[in-house]
Amino acid sequence: MRRHRTRRITHGRQWACRLASGTAVELIENVACTVCGCVCDDLRITLDQGRVIQADGACRLAEPWFLGQDSRQPPVAQIDGQPASLEVAVARTAEILRASRSPLIYGLSRSSTEGQQAAVALADRIGATIDTTASLCHAPSVLALQQAGESTCSLGEVKNRADLVIFWGSNPVESHPRHFERYSVLPQGQFIPGGRTGRFVVVADVRPTASTEAADLFLPVEAGRDFEALWTLRSLVRGLPAEPMAPTGAPIGLLQDLAGRMKACRCGVAFFGLGLSMTGLGHRSVEALLLLVRDLNDYTRFYARRMRVQGDVAGADSVLAWQTGYPFSVNLARGYPRYNPGEFSAQDMLERGEVDACLLVGSEGVVRFSAAAVAHLQRIPTIALDYPTMESAILPTVRFTTAVYGVHRPGTAYRMDEIPIPLRAFLPTGYPSDGDVLKMIGEKCKANHQERPTTD
């Protein structure tokens with residue numbers, strides 16, 4: 001009978017099992033996942049000879065992502081599709097950016113705090129516009145909270161306190177598969193010892209979804225009528241009857257029932273997604289929800305939280321906010337930050353043909369661009385910093401293959417509730433991080449600095 005030795009490394013809770021055959025199988029515990037905004041940090045990754053063979057605790061979105069790590073090994077740098085050395089690619093990138101009169105830096109949601117800081121520093125050095133993927137998803141939500149404020153909490157407080165959980169314009173069963181399990185619906189909390197039995201779950205959406213099937217109440221909202229439904233709720237919460245014949249956006253009986261539950265709960269939270277923020281005047285609909293939550297705090301404890309999607313988009317917004325004072329769509333051409341969504345948003349600038357060079361820190365966001373924006377992007381020099389498993393959405397002039405934070409490199413990712421989660425490395429790599437590459441580009445631009453005319 002074969003014997004094997006088991007060795008525990010307490011730092012980082014890493015277990016190593018060295019089998020008699022000589023192969024090494026390692027179990028890495030408490031790994032954080034950046035596939036979606038939940039940033040679940042309780043995964044257990046099994047390695048065999050430096051390859052991920054199992055991802056326990058991973059959802060259906062995360063498991064293939066982890067198992068696919070290091071399945072491709074593209075060159076560290078390419079110029080016009082041909083392999084090149086890192087130094088030559090950095091020099092070519094610096095040449096493109098120095099010649100540009102209106103450069104754009106876009107993406108950042110698959111990066112980490114280190115890379116995001118380096119991107120802001122480079123934008124400041126070359127006088128670029130810098131924008132995140134938030135400009136094409138939760139930008140209306142940010143505009144709304146700048147107007148109305150936001151009653152926020154951590155997901156831990158939701159788990160421990162919330163007995164009424166509302167999802168508006170969001171389908172977390174599909175988009176955030178472990179949200180129910182870890183934070184909002186199923187877990188037992190300090191003041192919700194019964195877990196699921198101690199919570200009432202509401203889903204408001206324009207059509208039935210996988211999430212509505214798991215809810216206690218489905219509120220069908222007329223397409224494009226979220227604003228009316230939310231303002232009707234505000235009236236009902238204040239004790240004002242709905243006006244006859246006035247559009248309510250949803251069945252009045254269900255709205256009355258929901259208003260009563262909102263006022264009667266001990267602690268409530270409204271999670272809202274792109275189904276609310278991306279409709280028509282989305283910022284006004286989100287503002288209506290935030291004002292409703294503010295009103296409810298006259299009666300009980302109530303919060304609102306955005307359902308962020310891509311891994312560290314919350315971190316990208318946070319880093320830009322503390323570095324420039326603004327969360328996205330920031331122009332640094334005059335030597336100081338200017339903020340104006342629309343004027344300085346990546347897609348709008350590309351559609352107007354105002355960008356003459358673009359650096360993509362993660363090119364996956366390009367698929368959300370309009371056809372006109374992509375067409376202009378293909379006409380100008382582009383630089384893409386992408387993970388090894390990521391096929392660039394366009395053929396860039398220069399491509400850098402960078403290490404994956406939370407797999408190859410340590411870092412920090414912000415959960416959807418703006419809580420920073422540490423990321424640990426568990427696979428070796430020869431690729432640099434995007435932060436390393438951006439710093440090299442910045443130093444090269446500094447070393448060969450020329451006076452650049454401004455765009456104004």
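To read the first sheet, take two strands as paired if DSSP finds at least two bridges between them. With that in hand, this predicted model has an open sheet of nine strands, in the order S7-S6-S19-S18-S17-S8-S9-S15-S16, and the pairing is mixed. At the edges stand strand S7, residues 82–83, and S16. Each has a single partner strand, so one side of each is left without a neighbour in the sheet.

Inside that order, look at strand S9, residues 129–132, and strand S15, residues 330–331. They pair in the antiparallel sense, over two bridges. Which residue in S15 is the bridge partner of Thr-129? That is Asn-331.

Helix H3, residues 113–126, lies across S8, S9 and S17, and runs at about 170 degrees to S8. Helix H13, residues 313–324, lies across S9 and S15, at about 145 degrees to S9.

Now the other sheet. An open sheet of five strands has the order S12-S11-S10-S13-S14, and here the pairing is parallel. Its edge strands are S12, residues 217–220, and S14, residues 301–306, each of which pairs on one side only. On average, neighbouring strands of this sheet are turned by 15 degrees against each other, direction ignored. Strand S13, residues 267–272, runs parallel to S14 and is joined to S14 by six bridges. In that pairing, Ala-270 stands opposite Ala-304 in S14. Helix H10, residues 252–264, packs on the sheet and touches S10, S11, S12 and S14. The direction of H10 makes about 130 degrees with that of S12.

Next, the serine. Ser-345 is found in the loop between strand S16, residues 338–339, and helix H14, residues 346–351. Is Ser-345 buried or exposed? The relative accessible area of Ser-345 is 6%, and the cut-off for buried is under 20%, so Ser-345 counts as buried. The side chain of Ser-345 reaches the backbone nitrogen of Gly-342 at 2.8 Å. Leaving aside neighbours within four places in sequence, Ser-345 is in contact with Asp-131, Ser-135, Ser-329 and Asn-340.

Last, the rings. A pair of aromatic rings is described by the distance of the centres and the angle of the planes. How many aromatic pairs are there? The count comes to eight aromatic pairs. One of them is Trp-65 with Phe-66, edge-to-face, at 5.0 Å centre to centre and 85 degrees between the planes. Trp-65 is partly exposed at 23% relative accessibility, whereas Phe-66 is buried at 0%.

Another pair is Tyr-106 with Phe-369. The centres of these two rings are 5.0 Å apart and the planes are at 40 degrees, so the pair is tilted. This pair links distant parts of the chain, 263 residues apart: Tyr-106 is in strand S8, residues 103–107, and Phe-369 is in the loop between strand S17, residues 357–361, and helix H15, residues 371–377. Tyr-106 is buried at 1%, and Phe-369 is buried at 8%.

Back to Trp-65 and Phe-66 for a moment: together with Phe-426 they form one aromatic cluster.

Arg-234 lies over the face of Trp-231, 4.5 Å from the ring centre. The charged end of Lys-263 sits over the ring of Tyr-299, at 4.5 Å from the centre of that ring.

Notes. Residues numbered from 1 in each chain as written. Predicted model: local features only at pLDDT ≥ 70, side-chain atom pairs only at ≥ 80, totals over all residues. Heavy atoms only, no water. Helix = DSSP H or I, 4+ residues; strand = E, 2+ residues; numbered from the N terminus. Buried < 20%, exposed > 50% of the residue type's maximum accessible area, 1.4 Å probe, protein only. Polar contact = N/O pair within 3.5 Å; in protein donor to acceptor, adjacent residues only side chain to side chain. Contact = heavy atoms within 4.5 Å. Phe/Tyr/Trp six-rings, centres within 6.5 Å; stacked < 30°, edge-to-face > 60°. Lys NZ or Arg CZ within 6 Å of the ring centre and 35° of its normal. Axes fitted to C-alpha atoms, helices over the stretch in contact; angles between N-to-C directions.
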